[in-house]
Amino acid sequence: MKNKKQGNKLVVYLLVVGACCLVCLEMVLRFVFGFCDAVLYQPSKAYEYIAQPNQHRYRFFSHIDYNSYSQRSEEPDSTKTIVLGLGDSVIFGGTMLDQDSIATTLFSKETGMQMLNISSGSWGPDNCAAYLKEKGTFGAKAMVLVCSSHDAFDVMSHIPVVGIYPNYPDKQYKLAIWELVDRYLMPRVKGWLGQSQLVDPDAQVVKGGVAQKSLKFDPGFDQLLQISKEKKIPFVIYLHPEVGEVLTRQYKEGGKLIMEWAKKHGVKLVSGLNEGVTADMFRDVIHLNEKGQRNLANSLERILNVESKTR
């Protein structure tokens, strides 16, 4: 009888300890690592998808803020000279980088101008052009497209991604522990078991998968040029190299086609290969770390012929 009571006490004790551990883990995941606070997305008939407006997230020790126009920037300030920073996840910076560390924020703080960060993961030039056609150019005095070799053929497909691919959620998980298991642990387990996984377009580029969505040169280049002519604002392209291109010192076919297009149409193009980009500036094969974003900000300042007021 005595042993049975001791056994019951042990079970209760273990249950209490287990529950306390789960609660502590839930709190740590939420308030330290930012689980259940992911950037949320919404679909668009014009440009496929975009981050939901007015978001202020804390995720993996980084702050991610979106204004009312779904730009990773402060609200457009008409008292400042505005520059449009256009592109994909490279200029977006990713959720691993704090708002204060991305190139567009550094540029804005250091020049007194405001560079609006109009971007999203796996966007091509046509996504950017469609956004500007819908939202306007915000009285900008210049526009800079940060693109890579794969963007030459990154034509919109309008295949739904929001709420389908893990990197494009439209709602938060209810429990941080379940987000950890479902979004991060289970995909790894499936990978170890050799099971196929749902990989979003941006992740395909990082993993060296098929980035080319079309055999047609992205019409967004022509569309952005047309917008710049209509609004009478300069249009500049910064051709961002991938790690492999940095190591070989030459662009892939897509990059060469973008350079040819720019030369043909008289568009100023700056090659990242000539901007001091090194392999240690990347956190994967294409995305920049803090050092890389710092270098990109320096390049953007030189491209637009402005001097930093803080360095």
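Buried denotes a relative accessible area under 20%, exposed over 50%, and partly exposed the range in between, computed with a 1.4 Å probe on protein chains only. By this criterion Phe35 is buried, with a relative accessible area of 6%. The structure is a predicted model, in which local features need pLDDT of at least 70, side-chain atom pairs count only at pLDDT 80 or more, and totals for chains, interfaces and linings use all residues. Residues are numbered from 1 along each chain as its sequence is written, and side-chain values use heavy atoms, with hydrogens and water left out.

The chain has 311 residues, and buried residues make up 50% of them. Its secondary structure comes to ten helices and nine strands. Helices (H or I, at least four residues) and strands (E, at least two) are DSSP runs, numbered from the N terminus. Contact means heavy atoms within 4.5 Å. Of the contacts with a separation of 6 or more, 74% are accounted for by residues 24 or more positions apart.

Aromatic pairs were searched for next. Rings of Phe, Tyr and Trp (its six-membered ring) pair if their centres lie within 6.5 Å; planes under 30 degrees apart count as stacked, over 60 as edge-to-face and the rest as tilted. The whole structure holds 13 aromatic pairs. One of them joins Phe35 and Phe60, with ring centres 5.6 Å apart and planes at 85°, so the pair is edge-to-face. This pair links distant parts of the chain. Phe35 lies in the loop between helix H1 (2–31) and strand S1 (41–44), and Phe60 in the loop between strand S3 (55–59) and strand S4 (62–66), 25 residues apart. Both Phe35 and Phe60 are buried. The rings of Phe35 and Tyr184 are also edge-to-face, because their centres are 5.7 Å apart and their planes stand at 75°. Tyr184 is partly exposed, at 26% relative accessibility. Phe35, Phe60 and Tyr184 form one aromatic cluster.

Arg59 lies over the face of Phe35, 5.4 Å from the ring centre. The criterion places NZ of Lys or CZ of Arg within 6 Å of the ring centre and within 35 degrees of the ring normal. Arg59 belongs to S3, along which the side chains alternate.

S3 and S4 run antiparallel and are joined by five bridges. Two strands pair if DSSP finds at least two bridges between them. Arg59 stands opposite Ser62 in S4. The hairpin of S3 and S4 has two residues between the strands, and Phe60 there takes a positive phi near 50°. Asn54 also has a positive phi, near 55°. Asn54 sits in the loop between strand S2 (48–51) and S3. Lys232, not a glycine, has a positive phi of about 60°. Its place is the loop between helix H7 (220–231) and strand S8 (235–239). Lys232 is exposed, at 73% relative accessibility.

Ser119, in strand S6 (residues 114–119), is buried at 4% relative accessible area. Its side chain makes a polar contact of 2.5 Å with the side chain of Asn117. Thr104, in helix H3 (residues 103–111), is buried at 1%. A polar contact of 3.0 Å joins the side chains of Thr104 and Asn117. Beyond four places in sequence, Thr104 touches Arg72, Ile91, Met115 and Asn117. Ser119, counted likewise, is in contact with Gly87, Asp88, Ile91 and Phe92.The search found zero disulfides, a disulfide being a pair of cysteine sulfur atoms within 2.5 Å. The sulfur of Cys21 is 6.5 Å from the closest cysteine sulfur, in Cys24, too far for a bond. Cys128 is in no disulfide, and the nearest cysteine sulfur, that of Cys147, is 9.2 Å away.

Methods: A polar contact is a pair of N or O atoms within 3.5 Å; within protein, one must be able to donate a hydrogen and the other to accept it, and residues adjacent in sequence count only if both atoms are side-chain atoms.
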